[in-house]
Protein chains: 2
Amino acid sequence: MELAAAKQKFIEAWGKLGSEWGINRTMAQVHALLLVSPEALTTEEIMKDLSISRGNANMTLRDLIGWGLVEKQHKAGERKEYFYADKDTWNIARQVAKERRKRELDPVLKILDELSNVQGDAKDPEFKTFNKTVTDINKLAKNVDKTLDTMLKAEESWFWGSIFKMFK
Amino acid sequence: MELAAAKQKFIEAWGKLGSEWGINRTMAQVHALLLVSPEALTTEEIMKDLSISRGNANMTLRDLIGWGLVEKQHKAGERKEYFYADKDTWNIARQVAKERRKRELDPVLKILDELSNVQGDAKDPEFKTFNKTVTDINKLAKNVDKTLDTMLKAEESWFWGSIFKMFK
DNA sequence: TTAAACTTTCAGTAATTATTGAAAGTTTAA
DNA sequence: TTAAACTTTCAATAATTACTGAAAGTTTAA
C-alpha cells in the first residue's frame with residue numbers, strides 16, 4: 001500500500017470510530033488528516049483534501065479547537081490561518097476524557113445525586129428498586145469521575161504514573 | 001419529588017447519556033425503565049410507559065438482549081414474554097465494555113496493524129509523521145484492548161480485584 | 001385443523017443531524 | 001479610506017437515523 005492510500009484508510013477508520021462514539025464523522029476525519037500531516041494546514045487544503053465546504057471546515061476546526069485537539073498557527077508575513085494537531089496520543093486521550101467528563105458525566109452526576117435523595121416507602125418494591133439502582137449507578141459514576149480527575153491532574157502520582165507507563 | 005417523577009427523570013437522563021455515546025435514545029430509555037422496575041415487564045407495558053410503537057419496542061428489546069443487558073423471561077401458564085434487566089451496575093459496565101470492544105475496537109485494531117506495516121521513505125516527513133501517529137495510536141489502542149481483556153476475564157487477579165473494589 | 005394470542009418484519013414516514021454556499025463580517029496593508 | 005484577503009454565520013437543503021403501524025409470521029391449545 002502506498003502512503004496516499006494508507007492516509008485515506010486511516011482517515012476513514014478514524015471517522016468511523018468517531019461516529020460510533022457520538023463524534024461527528026467529519027470532525028474525526030479532519031482530526032485524522034491533521035494527525036498525519038507534518039505541517040499545519042490551511043482551511044483551503046483541508047477543504048480540498050476531504051472535499052468539504054468552507055463552512056463545514058470552519059465549524060469543524062473551531063470544534064476541534066474547543067476540544068483542545070487542534071491549535072491555530074500563524075506564519076510570519078501571511079494572513080492565512082494554519083491548523084495543527086497535537087500528535088501525542090496520551091494528550092489526545094487525556095483531552096478527550098477531560099472534555100467528555102465536563103460535558104457529559106458531570107451533568108449526569110448532578111441529576112443522580114438529586115435522584116439518590118428522593119425519599120420513599122422502604123417497603124415498596126418499586127421504591128426499593130429505584131433507589132438501589134440509582135444509588136449504585138451514582139456510586140459507580142462518582143468513582144469513574146474521581147478516577148478521571150486523578151488521572152487528568154496527577155500524572156505525578158506514583159500510582160497513576162506507573163499505570164500510565166503501561167499504556168504509553 | 002415523588003417516585004413517578006423521579007423515574008421519569010432517570011429515564012430521561014439515561015436516554016440523554018446514551019445518545020451522547022452513540023447508543024440510540026430509545027434503547028437507553030427502555031433499559032432505564034427496566035432498571036428501575038422490580039418485576040419483568042411485557043412489551044405492552046413498555047410501549048405504554050414510553051409511548052413507543054410495538055415495532056420499535058420489539059427491535060429495541062432485541063438489541064438490548066443482543067448487548068447482554070436484558071433477558072427474556074416466561075411466566076408459568078402465560079404466553080406473553082417478559083423482559084428483565086440485570087441490575088448489577090458492574091455487570092452492566094462490563095457487558096457494555098465487552099460489546100463495544102468487540103464491535104468497534106477490534107475492527108479498528110485490525111486496520112491500524114495493517115497501516116503500521118506500510119513501508120516508506122524514512123526521510124520523507126510525510127511518511128515519518130504518518131508512521132509515528134499510526135504506530136502510537138496502535139500502541140495505545142492495543143494496550144486498551146489488552147487491559148479490557150484482562151478486566152473482563154480476570155476479576156480474580158489480585159491486581160484488578162483490588163482496583164475493582166475501589167469502584168464497587 | 002383452526003383460531004386466538006402473541007412476536008417479528010419492513011416499507012413508508014418522521015425526526016434529527018450534518019452540510020452547503022453565498023452573504024456578512026473582519027483584518028490588514030497601501 | 002478602500003479593497004483585497006481572509007473568516008464566520010446561518011437559512012436552506014441533504015443525508016442519516018429512528019419510528020410507526022399494519023401485515024405477515026409463529027406458537028399454542030383445544
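## Burial and basis

Of the 168 residues of chain A, 47% count as buried. Buried means under 20% relative accessible area, exposed over 50%, and partly exposed in between, with a 1.4 Å probe and protein chains only.

This is a predicted model, in which local features need pLDDT of at least 70, side-chain atom pairs count only at pLDDT 80 or more, and totals for chains, interfaces and linings use all residues. Residues are numbered from 1 along each chain as its sequence is written, chains are lettered from A and ligands numbered from 1 in the order in which they are written, and side-chain values use heavy atoms, with hydrogens and water left out.

## Fold and dimensions of chain A

Chain A holds 7 helices and 3 strands. Their order along the sequence is α-α-β-α-α-β-β-α-α-α. Helices (H or I, at least four residues) and strands (E, at least two) are DSSP runs, numbered from the N terminus.

The radius of gyration of chain A is 21 Å, whereas a compact globule of 168 residues would have one near 15 Å. That radius is taken over C-alpha atoms, and the globule rule is 2.2 Å times the number of residues to the power 0.38. The C-alpha trace of chain A spans about 70 × 40 × 40 Å along its principal axes.

## Contacts, surface and charge

Take the contacts in chain A with a separation of 6 or more: residues 24 or more positions apart account for 51% of them. Contact means heavy atoms within 4.5 Å.

Chain A exposes about 9300 Å², and carbon and sulfur atoms supply 53% of that area. Accessible areas come from the Shrake-Rupley method with a 1.4 Å probe; for residues, only the protein chains shown count as cover. Chain A carries 28 positive and 26 negative side chains. The centres of the two sets lie 1 Å apart. Lys and Arg count as positive and Asp and Glu as negative, while His and the chain ends are not counted. Each charge is placed at NZ of Lys, CZ of Arg, CG of Asp or CD of Glu.

## Two copies, one axis

The same surface serves both: 100% of the contact residues of chain B recur in chain A.

## B:Phe10, touching both chains

B:Phe10 sits in helix H1 (residues 3-20) of chain B. It counts as buried, at 1% relative accessibility. Leaving aside neighbours within four places in sequence, B:Phe10 contacts A:Leu112, A:Leu115, A:Phe130, A:Thr133, A:Val134 and A:Ile137 from chain A, and B:Ala32, B:Leu35 and B:Val36 from chain B.

B:Gly55 is 45 residues from B:Phe10 along the chain, and their C-alpha atoms are separated by 24 Å.

A:Glu99 belongs to helix H5 (residues 89-116). It is buried, with a relative accessible area of 7%. Not counting residues up to four places away in sequence, A:Glu99 touches A:Gly66 and A:Trp67. A:Glu99 and A:Trp67 are 32 residues apart in sequence, yet 6.5 Å apart in space, C-alpha to C-alpha.

A:Asp145 lies in helix H6 (residues 125-153). A:Asp145 is also buried, at a relative accessible area of 14%. Beyond its neighbours within four places in sequence, A:Asp145 is in contact with A:Arg101, A:Leu105, A:Asp106 and A:Leu109.

## Positive phi at Ser51

Most residues other than glycine have a negative phi. A:Ser51 has a positive phi, near 50 degrees. A:Ser51 lies in the loop between helix H3 (43-50) and helix H4 (54-66) of chain A. A:Ser51 is exposed, with a relative accessible area of 66%.

In chain B, B:Ser51 also has a positive phi, about 50 degrees, although it is not a glycine. B:Ser51 falls in the loop between helix H3 (43-50) and helix H4 (54-66) of chain B. B:Ser51 is exposed, at 66% relative accessible area.
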